[in-house]
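This briefing goes through one structure topic by topic. Please look at the sequence and the 3D view first, then read the points below.

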There are 2 protein chains.
Amino acid sequence: MRNEITPVRHGTMRARNLAVVLGEISRRQPVSRARLADVTGFTKTTVSSLVAALKDAGLVREDGPVRDGERGRPATAVSVNGDRVAGLGLEVNVDYLAACVLDLGRRIRHRHIVAADNRCREPERVIGALTALAETAIAAAGEQDLTVAGAVVALPGTLDRAGGRVRTAPNLGWRDVAAEELLTAGLPPLALPSDQDNEANLAALGELWFGDGPDLGSYVHVSGEIGVGAGIVVDGRVFRGAHGFAGELGHVVIDPDGPLCACGGRGCLEQIAGQEAILRAAGIPDVTATSTAGPDGPLAALVALLRDGDERALSAVRRAGEALGQALAAAVNLLDPDTIVLGGIFSALAPWANPAVEAALARGTGIVRSAPPRLTVSRLGGDAAALGAAALVVERVMTDPALLLPTA
Amino acid sequence: MRNEITPVRHGTMRARNLAVVLGEISRRQPVSRARLADVTGFTKTTVSSLVAALKDAGLVREDGPVRDGERGRPATAVSVNGDRVAGLGLEVNVDYLAACVLDLGRRIRHRHIVAADNRCREPERVIGALTALAETAIAAAGEQDLTVAGAVVALPGTLDRAGGRVRTAPNLGWRDVAAEELLTAGLPPLALPSDQDNEANLAALGELWFGDGPDLGSYVHVSGEIGVGAGIVVDGRVFRGAHGFAGELGHVVIDPDGPLCACGGRGCLEQIAGQEAILRAAGIPDVTATSTAGPDGPLAALVALLRDGDERALSAVRRAGEALGQALAAAVNLLDPDTIVLGGIFSALAPWANPAVEAALARGTGIVRSAPPRLTVSRLGGDAAALGAAALVVERVMTDPALLLPTA
DNA sequence: TCAATTCGTCCAAGCTCTGGACTAATTAAA
DNA sequence: TTTAATTAGTCCAGAGCTTGGACGAATTGA
């Protein structure tokens, strides 16, 4: 499984150079061909030819001449064409389904969340409902003259990404489900092959594109829901580990003498900072079957208690924050991220939990690095993973536009 | 700092394809051009041309025709030429300096370790001594008709790799030392630019090339010495994190109520499983100033006690193993490696520590993954990092042979 | 001895980038 | 108003690298 070096042909060269130019256009738009030649190092001839190809594919648009007052012939500005190609992001989660259409300019063109208790439904029916959602999204895109180039599905569980299967999704009760096959069977064929990824990873990527500015290229994104997971992003790419199980923050042991966890360990983070553990410690009645989000959910009840200064709730959240900080300290020592982004329930609990998180984090990450990493809170909503999924499609087009070229 | 895509020209294409062919030769040698065309997908023409270029550079050798009994014209086998180009690995550590010359065939051609207490010497003198060692090594290579293409230095501390400086090396007492400049000033110019890296990272790479078979592409290598560090290798490449501090296993908190650590934290792994902590707990007199390795060192004394079944020593090592296993469990949850390799002192202590390590590891890595990762013990000696450094030079030649082409 | 087979080289052709020449469109100066 | 200077973009010949078919070389099996 060592890093393979693949042969490069003329076509490969062309494909990569298209990506170089498209990337530079996206970074600097509107921008002239001459400037592109400058920054890429290509000759003007080459840039013209590459831009022409991108224009043919509908990925790039000519904005007309710009008279900037400088002397010399005015440039014709080029920019990314957001009105032709889009990506579709889909998400299956415990208590909702989500879809999202994102155009090449990273504007959200369609966004739809449906509450649905997926815990007691068969996989086929869940995917069926998701397919319907996807069809609606594709139709909505079509009405805006957008072509959906590809789709990515976010799933809460461990996946066999190559085989397109869900291995296990404990919170859904799934085991070995051919999710991708079920989905693509119900959809019109897309230019790019569909893909699936873990919900935590995609939520993390969502943060990259829609969250706290594009500067956080290496970070850990905590997506605390029923479980506590983390998406690790390094230089803009998801870090998966050898088998795709990296980022299992929830099962880092905090207290070796703590309560037994379903994973077999003792005192896992999830047993202290998981949603159900927090609610229990805060004295909020157990509500396993019904939806946990929403204004009437137990999370809202917890926040209300916190607002009222309820001591039991405050101490439960503090305890959770401390445990999270401890686990994150281990993550920082091992992964050295730039930033830590708290999402999921920790985003809502931040005002009360963060002091404890920061204190524990600072205690556990010593003088080795000059300062503990930045701690931020996600501003993304519940469908962060769907956003990230759609953004991944867009990203794929941007890094390999040749896939959408007319004769390919 | 996002992942940049760089322009590809004909030269780039050629360079990568040279690497493809050289890699395939190294993997399958001896191998015919025809077979190379098969496995790479290149035409026979292209393979011939690439092989010719590699042969001109002295990186590849023709072995003459092989008559394999098959019918048809016999093939002329091609293989990596180990007799022309070599890499130089250098290592500065607390109590020794090491140098190592490795040829392209990954055979060790020269290996030299000098005991030296570098704790109380000025950086200039240490690097001076290292330069002398390097010169000897280059001369030794020359006598075997080998050209040293480049050098990599292993240093125990935090580095500014781009600037070629050591930021801090606590165990050496260094602060902001321009190590690379000092070294290259004293050496003849090499074809490849020199480089430096952390000792733990290079020791981990050493394991990849010389250790437990080439199948371990993703692993965590624990290099327990005075401190406890870990080198993280993913798909054959070192994982550094955002600032190069990844793998600080030694400061993962094991016991929040434990002893205070120099890093400011409490109950860091290093305070329980660091060499000095183990020796202290085992009741072996403190020996800070003198060399800790060697047959008369305290480590040997500890092993002797363990062999005699000394209860205090045994329990100290068990406790260290348990703590190490706990920290590794966190690492497994976060990084999902294939394998864990124990090096440094843990290699010597393995017979007594490993049961505890494995138990703690199994306890902390639950059902998420089917089984805890493989646990192996390094068979490499003290100069693992020097080996890894030399291997890194060789690796660099293999992944970009164009750097050594006549007209480049 | 001849046919079959495989290996490696040769040569023309195709794809892509390069680089200088050229046209186009504007501003500044005469 | 005319002219020179300047910048943008296109055109075209040329160079680098890979492709693909043809061909000679070297061996085995009939």
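α1(B) gives the most to the surface near DNA strand D, with five residues. A residue is near a molecule or strand if its C-beta atom, placed from the backbone, lies within 6 Å of it. Helices (H or I, at least four residues) and strands (E, at least two) are DSSP runs, numbered from the N terminus.

This is a predicted model, in which local features need pLDDT of at least 70 and side-chain atom pairs count only at pLDDT 80 or more, while totals for chains, interfaces and linings use all residues. Residues are numbered from 1 along each chain as its sequence is written, and chains are lettered from A and ligands numbered from 1 in the order in which they are written.

**DNA strand D**

- DNA strand D is surrounded by 31 residues, and the closest are A:S48, A:G72, A:R73, B:R71 and B:R73.
- Two or more residues come from each of α2 (33–40), α3 (44–56) and β3 (75–80) of chain A, and from each of α1 (10–28) and α3 (44–56) of chain B.
- By residue type, this surface near DNA strand D has six nonpolar, 15 polar and ten charged residues.
- Ala, Val, Leu, Ile, Met, Phe, Trp, Tyr, Cys and Pro count as nonpolar, Asp, Glu, Lys and Arg as charged, and the others, Gly among them, as polar.

**DNA strand C**

- Around DNA strand C there are 30 residues, of which A:R71, A:R73, B:S48, B:G72 and B:R73 come nearest.
- α1(A) gives the most to the surface near DNA strand C, with five residues.
- The surface near DNA strand C has six nonpolar, 14 polar and ten charged residues.

**The two copies**

- Chain A is superposed on chain B by a rotation of 180 degrees with 0.1 Å of shift along its axis, at an RMSD of 0.2 Å (by least squares on the C-alpha atoms of residues with pLDDT of at least 70 in both).
- The two copies are thus related as by a two-fold rotation axis.
- The copies meet through the same surface, because 100% of the interface residues of chain A are also interface residues in chain B.

**The three-stranded sheet of chain A**

- Three strands of chain A form an open sheet in the order β1-β3-β2, with antiparallel pairing (two strands pair if DSSP finds at least two bridges between them).
- Its edge strands are β1 (31–32) and β2 (60–66), each of which pairs on one side only.
- Helix α1 (residues 10–28) of chain A packs on this sheet, touching β1, β2 and β3 of chain A, and its direction makes about 100 degrees with that of β3(A).
- Axes are lines fitted to C-alpha atoms, for helices over the stretch in contact, and angles run from 0 to 180 degrees between N-to-C directions.
- A:V31 stands opposite A:V78 in β3(A).

**The five-stranded sheet of chain A**

- An open sheet of five strands in chain A has mixed pairing and the order β14-β13-β12-β15-β16.
- β12 (residues 219–224) and β13 (residues 228–234) of chain A pair in the antiparallel sense over six bridges.
- Helix α11 (residues 345–364) of chain A lies across β12, β15 (339–344) and β16 of chain A, running at about 145 degrees to β15(A).

**B:A360**

- B:A360 lies in helix α11 (residues 345–364) of chain B.
- B:A360 counts as buried because it has 22 C-beta neighbours inside 10 Å (20 or more count as buried, 12 or fewer as exposed, and those in between as partly exposed, with C-beta atoms placed from the backbone).
- Leaving aside neighbours within four places in sequence, B:A360 is in contact with B:E322, B:G325, B:Q326 and B:A329 (contact means C-beta atoms, placed from the backbone, within 7 Å).

Methods: Two residues are in contact if their C-beta atoms, placed from the backbone, lie within 7 Å.
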